[in-house]
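Biologist: Please take me through this model. I want each label tested against its cut-off.

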Amino acid sequence: IPTTRALCVVDSDTNVYREQRESGAMLIRVTPSHIRFGHFEFCSFGDLHDELKTLCDFVIDQHYPEFKSSKQPYADFFTATLEKTAKLMAHWQRIGFCHGVMTTDNMSILGDTFDFGPFAFLDDYDPEFICNHSDDQGRYRFAQQPNIANWNLAVLAQALLPLVEKDILIPILDSFPKIFKLHYVQMMGDKLGFIDQSSTKPTQHSLTKNQLDGREDIVNETVKMLTSCRLDYSHFFRKLANIHEPEIYSLIRNMALDVTAFDQWFTLYKTAIEDNGQAFSDSDRTSLMNNVNPKYILRNYLAQNAIEAAQAGDYSQVEQLNKVLQSPYSEQPELDHLSKLPPDWGKKLEISCSS
């Protein structure tokens, strides 16, 4: 998943006051560019048209030199940013990642995950999940993330109006839902096991319109079932790869809050897999599904346990998390305890910005 990378953490003698007094630190991140949508807004709000053009020319020169000879380089830049952002949103939704503060100042022009704040990964599936306890209105709730990205792109388009005509920008902006859906349905289809058996690079294949429509239906039915059954998002998809095994099928079914909804979905899912021309118990399909469904994620309760241990001088849990998350899709038996479902208290942790 495209993202900025952590370089180091620098501690501080200055305390930070949130819900309580905590030690302060600065996380240093590296990325090809720290330019975000907000920089263009700054130029727009200040009527700094010359500076806006300079900024756009710099971005194109540094990151999109192929656009320099284009008749519409600024429109091409906006198109590239939109396409990358749409794909990033599909990645976030398929992995169950909730960013928390999707302001335009936190959106990278390169489509990278940027400015990690009160982020979280889904535990029990809830499309209305809010990971930032100061987001009282739920603006950045999980299911809303693609729409917020689309809105942020509209703000970026408005900022580019001094350089690009409105009639050119609007069709580009209107393409976001279609591009997002294409990536999302393909990625979710991979998670569900609709993968070409000869493929070694999931999420990089294309679908016909009929295939896309059929896959969209089962993806939507899966989301509806997860909402009703409140199954743990990552755990469900990881186990799904082996649902042909009776004990795994029983395990998942017994965890569903709405067994009727699960049974109805499972009938549809099994039929969809069979119609796709793949053996339901195909070991190759299981292997490919495990390549796109992580076994280990950074759950809030794991981070909280590691923080509390580190505050007491024990960094072993930090080191374990650092190790296991380098290969989240691989089996790591010695660290298997880090894949366990969270306790009830671990599902209710509230995170604030920069915590």
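**Labels and their cut-offs**

Biologist: Why is L257 called exposed?

Modeller: L257 has 67% relative accessibility. Exposed means over 50% relative accessible area, buried means under 20%, and partly exposed lies in between (1.4 Å probe, protein chains only). So L257 counts as exposed.

Biologist: What are the ground rules?

Modeller: The model is predicted, so local features need pLDDT of at least 70 and side-chain atom pairs count only at pLDDT 80 or more, while totals for chains, interfaces and linings use all residues. Residues are numbered from 1 along each chain as its sequence is written, and side-chain values use heavy atoms, with hydrogens and water left out.

Biologist: Where does L257 lie, and what does L257 touch?

Modeller: L257 is in the loop between α9 (246-255) and α10. Helices are DSSP runs of H or I with at least four residues, strands are E runs of at least two, and both are numbered from the N terminus. L257 touches S228, C229 and R230, leaving out residues up to four places away in sequence. Contact means heavy atoms within 4.5 Å.

Biologist: What makes the backbone of R230 worth a remark?

Modeller: Most residues other than glycine have a negative phi. R230 has a positive phi, near 55 degrees, and is not a glycine. R230 sits in the loop between α7 (209-229) and α8 (233-240). At 32% relative accessibility, R230 counts as partly exposed.

Biologist: What is the phi of D47?

Modeller: About 55 degrees, positive, although D47 is not a glycine. D47 is in the loop between α1 (37-45) and α2. Its relative accessible area is 57%, so D47 is exposed.

Biologist: How do you know whether I243 is buried or exposed?

Modeller: Its relative accessible area is 3%, so I243 is buried. I243 also lies in a loop, the one between α8 and α9. The C-alpha atoms of I243 and D76 are separated by 45 Å, with the two residues 167 apart along the chain.

Biologist: Now the rings. Why is the F97 and F116 pair called edge-to-face?

Modeller: Rings of Phe, Tyr and Trp (its six-membered ring) pair if their centres lie within 6.5 Å; planes under 30 degrees apart are stacked, over 60 edge-to-face, and the rest tilted. The whole structure has 24 aromatic pairs. F97 and F116 are 6.2 Å centre to centre, with 65 degrees between the planes, which makes an edge-to-face pair. F97 is in strand β3 (residues 97-98) and F116 in the loop between β3 and β4 (120-121), so the pair ties together parts 19 residues apart in sequence. At 5% relative accessibility F97 counts as buried, whereas F116, at 28%, counts as partly exposed.

Modeller: W265 and Y269 give a stacked pair: 5.0 Å centre to centre, 10 degrees between the planes. Both lie in helix α10 (residues 259-275), four residues apart, about one turn of the helix.

Biologist: What makes K191 count as a charge over the ring of F237?

Modeller: The test is NZ of Lys or CZ of Arg within 6 Å of the ring centre and within 35 degrees of the ring normal. The charged end of K191 is 4.4 Å from the centre of the F237 ring and sits over that ring. R139 lies over the face of W151, at 4.9 Å from the ring centre.

Biologist: How do α2 and α3 pack?

Modeller: Helix α2 (residues 49-63) and helix α3 (residues 73-95) pack at about 65 degrees, with axes 10 Å apart. Axes are lines fitted to C-alpha atoms, for helices over the stretch in contact, and angles run from 0 to 180 degrees between N-to-C directions. The contact residues include K53, D57 and I60 of α2 and Y74 and F77 of α3. By class, the contact has six nonpolar, no polar and two charged residues. Ala, Val, Leu, Ile, Met, Phe, Trp, Tyr, Cys and Pro count as nonpolar, Asp, Glu, Lys and Arg as charged, and the others, Gly among them, as polar.
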